[in-house]
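Look at the sequence and the model together before reading on. The paragraphs below take the structure one part at a time.

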Amino acid sequence: MNEDLNSKHFLLEKIKDGIYAAISKPGGGAVGNAGFVDLGDVLIVFDTFNTQQASKDLRDIAERITNQKVTFVINSHWHGDHIRGNQTFKDLPIISSETTLAKMKEIHPPRIEKQKADLEGLNQYIESLEKQLDEDGDSKLQDQISFLHELKRSLPDLELVLPNETFLKEGTLTGTKRSAKWFTLGGGHSFCDSMLYIPEEKVIFMGDLVFVQCHPTFFDETDPKKWMEILQEVKALDIETVIPGHGPIGMKEDIDKMIDYITHLLSIQDIENAAIPPLFSDWSSSEVYFENIKRIHPY
């Protein structure tokens, strides 16, 4: 790929002509994955990363590759690593489900205000980690420090840009090359999770409903059973390629792996002696597995 199409925040991967996944790089300002789809006469961006510097690269590269301007943006869910880059696209329609807009409006303003007010605390935390890095040279620590520097860089000018258009269940658009459907089946990972499906190409952007080769994050709002129901319903679609919210590009079988993962967590009886099964033992962020157990089985 041309050097000017590279970003320190994400790896751009071509799925098909006009369909690209932007897979977050460790230590960058992206954190979650994103992507874009050229319908021929319409250019859709799906999710906008955790920082405006990462989303600026996304917009620049998307418009350069497709030789057209972004038409609109879709936010998959309210979590910051998928929407804090919205300000790069504030001149455009930004679309989300009604629930996602409501949660963004409710949760993000005080959270961002608090982070902006504590830049000195962030500085001190970064310095403490850098001191620790000097002592043990842990590469994961280096990635964390690099990410925190990106966060620090984003905060002074960070502006929460909310979706300005919403949908209840789905929306569709047919372009000159292909069509797109954005839809939600409710909340599983978050309060409400939306996807972008390109039926002719058998490609689906799934946000955080699918993680590939890394342990998915569960939150207080997460509904494991509903999450599985959503995945079962999505499996009925004609899909070959799955772009996850985190991790490398996947296939339809990765939806099954997510179902297996959630099924396993729900079935655990002996919480104290739980161990990661072989099927998931090579997934990154193994500590998240044990946090998920505590969240699902709090007592």
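What follows goes from a sheet to a helix and then to charged pairs.

The model is predicted: local features need pLDDT of at least 70, side-chain atom pairs count only at pLDDT 80 or more, and totals for chains, interfaces and linings use all residues. Residues are numbered from 1 along each chain as its sequence is written, and side-chain values use heavy atoms, with hydrogens and water left out.

Seven strands make up an open sheet with mixed pairing, in the order S1-S2-S3-S4-S5-S6-S7. Helices (H or I, at least four residues) and strands (E, at least two) are DSSP runs, numbered from the N terminus, and two strands pair if DSSP finds at least two bridges between them. At the edges are strand S1 (10–16) and strand S7 (165–167), each of which pairs on one side only. On average, neighbouring strands of this sheet are turned by 25° against each other, direction ignored. Strand S6 (residues 94–97) pairs with S7 in the parallel sense over three bridges; isoleucine 95 has glutamate 165 in S7 as its bridge partner. Helix H3 (residues 98–117) packs on the sheet and touches S6 and S7, its direction making about 100° with that of S6. Such angles run from 0 to 180 degrees between N-to-C directions, with axes fitted to C-alpha atoms, for helices over the stretch in contact; contact means heavy atoms within 4.5 Å.

Across the whole structure, a search finds 17 salt bridges, each a side-chain nitrogen of Lys or Arg within 4 Å of a carboxyl oxygen of Asp or Glu. In one of them, lysine 8 meets glutamate 150, with the closest N and O atoms 2.9 Å apart. Lysine 8 lies in the segment before S1 and glutamate 150 in helix H5 (residues 139–154), so the pair ties together parts that are 142 residues apart in sequence. Lysine 8 is exposed (over 50%), at 53%, whereas glutamate 150 is buried at 8%. Finally, Arg59, Glu63, Lys69 and Asp91 are linked in a network of salt bridges.

Note on methods
Buried means under 20% relative accessible area, exposed over 50%, partly exposed in between (1.4 Å probe, protein chains only).
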